[in-house]
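I am opening a notebook on a structure that is new to me. The entries below record what I looked up, in the order I looked.

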Amino acid sequence: MPTPYPFTALVGQDDLRLALLLNAVSPAVGGVLVRGEKGTAKSTAVRALSALLPDVDVVPGCRFSCAPGAPDPQCPDGPHEAGPGVQRPARMVELPVGASEDRLVGALDIERALAEGVKAFEPGLLADAHRGILYVDEVNLLHDHLVDLLLDAAAMGASYVEREGVSVRHAARFLLVGTMNPEEGELRPQLLDRFGLTVEVAASRVPEQRVEVVRRRLAYDDDPDGFTARFAGDEADVRERIAAARALLPQVRLGDKALTRIAATCAAFEVDGMRADIVMARTATALAAWAGRTDVLAEDVRQAALLALPHRRRRNPFDAPGLDEDKLDETLDEFGPDDDPEPEGPDGQGPDDGGPDDGGPGGGGGLPPQSGPEQDAPGPQDTADAQDTADAQESSGEPAAPSAPRGAQEQRPVSPGEPFRTKMLSVPGLGDGAAGRRSRARTEHGRTTGAVRPRGTLTKLHLAATVHAAAPHQRARGRSGPGLVVHRDDLRQATREGREGNLVLFVVDASGSMAARQRMGAVKGAVLSLLLDAYQRRDKVGLVTFRGSGAEVALPPTSSVDTAAARLETLPTGGRTPLAAGLLTAHEVLRVERLRDPARRPLMVVVTDGRATGGPEPVKLAGRAAGLHAAGGVASVVVDCESGMVRLGLAGQLAGQLGGSVVTLDELRADAIAGLVKDVQGQAQGPHQTRRRAA
């Protein structure tokens, strides 16, 4: 087993280290969600923490790590006799993104349960992580139902496995740590709220710190054992401090004044529900214990707020997590100073002393600072200069620097209009893609629609079909008692139908014909509304824009809907309308994505007024490009942006060539036609026929 990188050898990342240590002191805090760019020591820090946790006493031979002094009375390997235990290091268990439900919670042998009445249970990762660390890298890419199971177990301290009336329960208390790169997609707000603390991490912009990171990493790679030995003393100090804080934790007093500060802070920031208050209280208590104090002070409440509230303040998926520290200070200042002067911790150490070599941080802010010596972020001068240049160009009539195809007369980006709830657009037929909330699909979760013979391991038993298959053979099998004699060939797998997520590819006309400020604002508002809908339905999204003399992929297919919204915000307009180029670029994007993820069905949303200009025979070329999508069976919908008293109906013609459907901006609103669900490809009766539905 490779030697883990020492926790105390990490450079910087004070907030990350503090959040991990607080959970080590008090797992009831509820885990840590670490958000940040790649290459910022997220995984290294989590793996390093496992070496600092105290060893655990377990019942010999128990697969569920029961404590000898207080074994779980419902342990599947129990009941356990009283006796001495054995010590082993605390485990760090990693949950792969592609893990199945049975791998997470455990597998129950249905065949033996039916035939022999035996609860044959194979423990999963939740059992392995009991009394240790469960680490989920890229938690935002994990299927939602697995995240639900994971967070339910973390909240209840137990895991339940139920299969057709056979139930198994075992203890599952662990320190939950998830990491994610926001560029690859966000977690749903309901899941974000289940993580106790969140930390934003970023690479240091201070050259000296970056040099030290590289120097230590190279030294570790050259001689892991020798490098680890250099920090052995610091590691031992932090390990002892964790043990001391755990022992002190029951004695920490959370007074009425501290509780009032916590409640007032959560109310001031309009946090939903009461989970934030509870997490803040537990975090503040853990901070006091970590500092060696028995009273919770105002500084503990402040630090707890910085760690527990940022991810609970998002009001829509496009809001970045964060906390207004000035407002936080104003709220806490209303209650005045603490009643007693700040006491010192053990050995004269104050609450913010970081321990040897900063290996045990005792304080630090919530989000990484945006400026200052710790992180020298670029100042506002570059942004101001760029804005002045854009303003000067606009006032003088000069075109801006080309960030789009040449030939486009670029105009200043228009802010999107107010988003609204859209109708659900779905792909016809039955798919097999990743679980989501858009189109019909065969899934592991959903309503039961039939039964088939299992291929490989049985996962979802269809009990009625199994009994029906076994019943005719009972006499031949010598059945003599009340039990049913079931053989392997009798088992039937339930087939279920639910919803899948799709790839929603937006093809947006950004030409001069769309450039009227009020009109483009409405168009961007409609696309933003569709992006919000895609976020809620767990889709991947992509963005292709066309203007001037060509098209570009503004955003390759991704799960990060908020990145798409940011690209949309800055989308410039102007120039001719190369509709064919936009459709051909979209065709290539879908072709490549089909090779990468063949199970995910695409839905193309073309936002245009249908005009095609520029180059030889632009209308004819656009028709041919549309025919490629129709021949490939791509589900498509055209959002008609044409306005005015006289309308040419060109968007409707394009929809007919695509074999899809057309809706106007007004018809896109969910309240325009109550309860309408569109199967966008099924609306076309022929290659050149398109229908519009209206209430």
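Before placing any residue, I noted how elements are named: helices (H or I, at least four residues) and strands (E, at least two) are DSSP runs, numbered from the N terminus. I also noted that the model is predicted.

**Entry 1: the loop between β2 and β3**

I looked up S65 and found its place in the loop between β2 and β3. S65 has a positive phi of about 55°, although S65 is not a glycine. I wrote down the background: most residues other than glycine have a negative phi, and most peptide bonds are trans.

I then went on to P79, which lies in the loop between β2 (56-58) and β3 (86-88). The peptide bond that joins G78 and P79 is cis. I noted an omega of about -5° for that bond.

**Entry 2: R131**

Where does R131 lie? I found R131 in the loop between α5 (125-128) and β7 (133-136). Its phi is positive, about 70°, and R131 is not a glycine. With a relative accessible area of 26%, R131 falls between the cut-offs of 20% and 50%, so I listed R131 as partly exposed.

Which residues make the nonpolar surface patch of about 250 Å²? I recorded V213, V214 and L218. I followed up one of them, V213, and found it in helix α8 (residues 207-222). V213 has 42% relative accessibility, so it counts as partly exposed.

**Entry 3: the cavity search**

How many cavities of 30 Å³ or more does a search of the whole structure find? I noted 1. For the largest cavity I wrote down a volume of about 50 Å³. The elements that give two or more residues to its lining are β16 (503-509), α17 (517-536) and β19 (602-608).

I then listed the lining residues of the largest cavity: L425, R438, V504, F506, L530, D533, L603 and V605. I sorted this lining by type and got 6 nonpolar residues, 2 charged and no polar ones.

**Left on the page**

The positive phi values belong to S65 and R131. The cis peptide bond is the one between G78 and P79.

Terms used: Residues numbered from 1 in each chain as written. Predicted model: local features only at pLDDT ≥ 70, side-chain atom pairs only at ≥ 80, totals over all residues. Heavy atoms only, no water. Patch = residues over 30% accessible without salt bridge, like charges linked within 9 Å, V, L, I, M, F, W, Y side chains within 5 Å. Areas by Shrake-Rupley, 256 points an atom, 1.4 Å probe, with all protein chains shown as cover. Salt bridge = Lys/Arg side-chain N within 4 Å of Asp/Glu carboxyl O. Buried < 20%, exposed > 50% of the residue type's maximum accessible area, 1.4 Å probe, protein only. 1 Å grid on protein atoms, 1.4 Å probe; cavity = no way out; pocket = protein on both sides within 12 Å on 5 of 7 lines; lining within 4 Å. Points joined across faces, edges and corners; volume = space filled by probe spheres on them. Nonpolar A, V, L, I, M, F, W, Y, C, P; charged D, E, K, R; others polar.
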